[in-house]
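Welcome! Here is a short briefing to read alongside the sequence and the 3D view.

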Amino acid sequence: MQVTNAIRKAGNLMNTAKLRSKRVIVTTAAVAALAVGGGVWATAASADADVSGADRDRVGNAAVQAVGGGTVVDVESSDDRGEAYEVEVRKPDGAEVDVVLDKDLKVLSQQADTPDTGTAEPAVTDAQRASAEKAVLDAFPGGTVLDVEASDDQGVAYEAEVRDTGDKEWDVELDSAFKVLTKTEDN
């Protein structure tokens, strides 16, 4: 009887050793898979938004055609809703134009890029900030204004950022009379 119990104990120890070995192998394989998958995800998540190769040529050509000629300076993917690409084109006269395209290469907007003169953006006075905040909060009751600044975009006097009650952030453009011109969800 003692011999039989000793054999059973030895068998149980061997089975336990095999199970532990399998657990180590499975755990090691799972950690390795997560490391590789995490590395791929991190690379994709930190990938530059620049468009390259044939896509860059196709998108750039559409933008150049839209502005009537020029040279592509930069092509990027857009993270704004409804937009697919943002293209900067330098026209033959040296002026630069920012062109926004959808996924079908339809032009959504074109805007002359204002040259950087090295001067600081105009400051927003306390009265202007208060008026802009009031207009933004009228458009987003219960929201929180995160920022207000003067705009250098044509036809837009102020740009504001607001977080709504659902915790979504929005970019808001206002005219000089503090009328809300656009509200764009910030993705």
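Starting at the N terminus, the elements of the protein chain follow the order α-α-β-β-β-β-α-β-β-β-β. That comes to three helices and eight strands, where helices (H or I, at least four residues) and strands (E, at least two) are DSSP runs numbered from the N terminus. This is a predicted model, in which local features need pLDDT of at least 70 and side-chain atom pairs count only at pLDDT 80 or more, while totals for chains, interfaces and linings use all residues. Residues are numbered from 1 along each chain as its sequence is written, and side-chain values use heavy atoms, with hydrogens and water left out.

**Burial**

- Of the 187 residues in the protein chain, 22% are buried.
- Buried means under 20% relative accessible area, exposed means over 50%, and partly exposed is in between (1.4 Å probe, protein chains only).
- The areas themselves come from the Shrake-Rupley method with a 1.4 Å probe, and for residues only the protein chains shown count as cover.

**Salt bridges**

- Side chains of opposite charge can pair when their charged atoms come close.
- The whole structure holds seven salt bridges, each being a side-chain nitrogen of Lys or Arg within 4 Å of a carboxyl oxygen of Asp or Glu.
- One of them joins Arg90 to Glu96, with 2.7 Å between the closest N and O atoms.
- Arg90 is partly exposed at 38% relative accessible area, whereas Glu96 is buried at 18%.
- Arg163, Asp167 and Glu169 are linked in a network of salt bridges.
- Arg163 is partly exposed, at 30% relative accessible area.
- Asp167 counts as exposed at 57%, and Glu169 as partly exposed at 27%.

**Aromatic pairs**

- There are two aromatic pairs in the whole structure.
- The rings of Phe140 and Trp170 have centres 5.3 Å apart and planes at 45°, so this pair is tilted.
- Phe140 sits in the loop between helix H3 (126-139) and S5, and Trp170 in strand S7 (residues 169-174), so the pair links distant parts of the chain, 30 residues apart.
- Both partners are buried: Phe140 has a relative accessible area of 10%, and Trp170 has 19%.
- Tyr158 and Phe178 form a stacked pair, 4.9 Å centre to centre with 15° between the planes.
- This pair ties together parts that are 20 residues apart in sequence, because Tyr158 lies in strand S6 and Phe178 in the loop between S7 and strand S8 (180-185).
- Tyr158 is buried, with a relative accessible area of 7%.
- For these pairs, rings of Phe, Tyr and Trp (its six-membered ring) need centres within 6.5 Å; planes under 30 degrees apart count as stacked, over 60 as edge-to-face and the rest as tilted.

**A charged patch**

- Asp79, Asp98, Asp113, Glu149, Asp152, Glu161 and Asp186 gather in a patch of negative charge on the surface.
- Asp152 has its place in the loop between strand S5 (144-150) and strand S6 (158-163).
- Patches are made of residues with over 30% relative accessible area and no salt bridge, with like charges joined within 9 Å and nonpolar side chains (Val, Leu, Ile, Met, Phe, Trp, Tyr) within 5 Å.
- Asp and Glu count as negative and Lys and Arg as positive, while His and the chain ends are not counted.
- The place of a charge is taken as NZ of Lys, CZ of Arg, CG of Asp or CD of Glu.
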